Amino acid sequence: MTTQVQLGAHVDQQDPLAEAKARQADLVQFFLGDPQGWNGPKIAYSGGAHALKTAAESAGVRLYVHSPYVLNVATTNNRIRIPSRKLLQQTLTAAAEIGAAAVIVHGGHLFKDDDPDIGFDNWRKCVDQLDMPVPMLIENTAGGGNAMARRLDRIAGVWEALGAAEGGDRVGFCLDTCHAHAGGEELASLVERIRAITGRIDLVHANNSRDSFDSGADRHANIGSGSIDPADLLAVVREAGVPVVCETPGGVEGQAADIEWLREHL
């Protein structure tokens, strides 16, 4: 691949376009509202959704929305699963209003002794009921013994279930390099192995990992530090050939350096 790959970062939601400019980013990812709350999406940008959509189009900056962390549509707990479906729908609708390219959502998890087939079917039921005005990208996660998207065999179970869902073809995949490494999946040939399951990768979260392989710890590091060889991370980005978000620490300075490193090495 060449530097035609679009590169960006996860930024504050107040003025994502100013954040993009500060990082010389082609795209940005951000939350709509509280990532740890259930109150529903809020457009923080001055002027609201239409103003953000118009300004992003004018600036040529692609927008991605990350759904709140509290979402877990796979769980057997009704008091979490049902509000999760509602909040996910609200997030997809709000993302469409700002012209976002997609909404990223974590795969979720079950209780330790739950049958994973229940989680797969809960994903099917969720997607069956969703109106998806923008694509939804399921992201692999780092931890949890009964997670829906930590190991590739579980991702395969989710994708098989989605094949039976109305609108399942609107669901894509977001590959997080830190989560894969910490979750116990080798980065070598990972793009090929995921595509063999899902048929697609739509977005890469290019993050190094502060913790060791298969640690189960979700702690991101800048590309030049951490336990992943930057060359291995670069290989994933190059092979995937899709837009990239750096969810790395260090604010403007740290993320701008990561974006510039990728630009130079691609």
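1. Buried stands for under 20% relative accessible area, exposed for over 50%, and partly exposed for values in between (1.4 Å probe, protein chains only). Helices (H or I, at least four residues) and strands (E, at least two) are DSSP runs, numbered from the N terminus. In soluble globular proteins, nonpolar side chains tend to be buried together.

2. A word on the basis of these notes: this is a predicted model, where local features need pLDDT of at least 70 and side-chain atom pairs count only at pLDDT 80 or more, while totals for chains, interfaces and linings use all residues. Residues are numbered from 1 along each chain as its sequence is written, and side-chain values use heavy atoms, with hydrogens and water left out.

3. Contact means heavy atoms within 4.5 Å.

4. On the cysteines, the structure holds zero disulfides (a disulfide being a pair of cysteine sulfur atoms within 2.5 Å). For Cys-126, the nearest cysteine sulfur is that of Cys-174, 17 Å away. Cys-174 has its closest cysteine sulfur in Cys-246, at 12 Å, which is too far for a bond. Cys-126 counts as buried because its relative accessibility is 1%, and Cys-174 counts as buried at 0%.

5. I would look next at His-205, found in strand E7 (residues 203-205). His-205 counts as buried because its relative accessibility is 0%. Its side chain makes polar contacts with the side chains of Gln-29, at 2.7 Å, and Glu-247, at 3.1 Å. A polar contact is a pair of N or O atoms within 3.5 Å; within protein, one must be able to donate a hydrogen and the other to accept it, and residues adjacent in sequence count only if both atoms are side-chain atoms. Beyond four places in sequence, the contacts of His-205 include His-66, Glu-139, Cys-174 and Asp-176.

6. Asp-176 lies in strand E6 (residues 171-176) and is likewise buried, at 0% relative accessibility. Its side chain reaches the backbone nitrogen of His-179 at 2.9 Å. Leaving aside neighbours within four places in sequence, Asp-176 is in contact with Glu-139, Asn-140, His-205, Asn-207, His-220 and Glu-247.

7. Finally, the helices. Helix H8 (residues 230-240) packs against helix H9 (residues 251-265) at an angle of about 70°, with axes 11 Å apart, which makes H8 roughly perpendicular to H9. Helix H7 (residues 190-198) and H8 pack at about 40°, with their axes 9 Å apart, and are therefore oblique to each other. Axes are lines fitted to C-alpha atoms, for helices over the stretch in contact, and angles run from 0 to 180 degrees between N-to-C directions. Angles under 35 degrees count as roughly parallel, over 145 as roughly antiparallel, 65 to 115 as roughly perpendicular and the rest as oblique.
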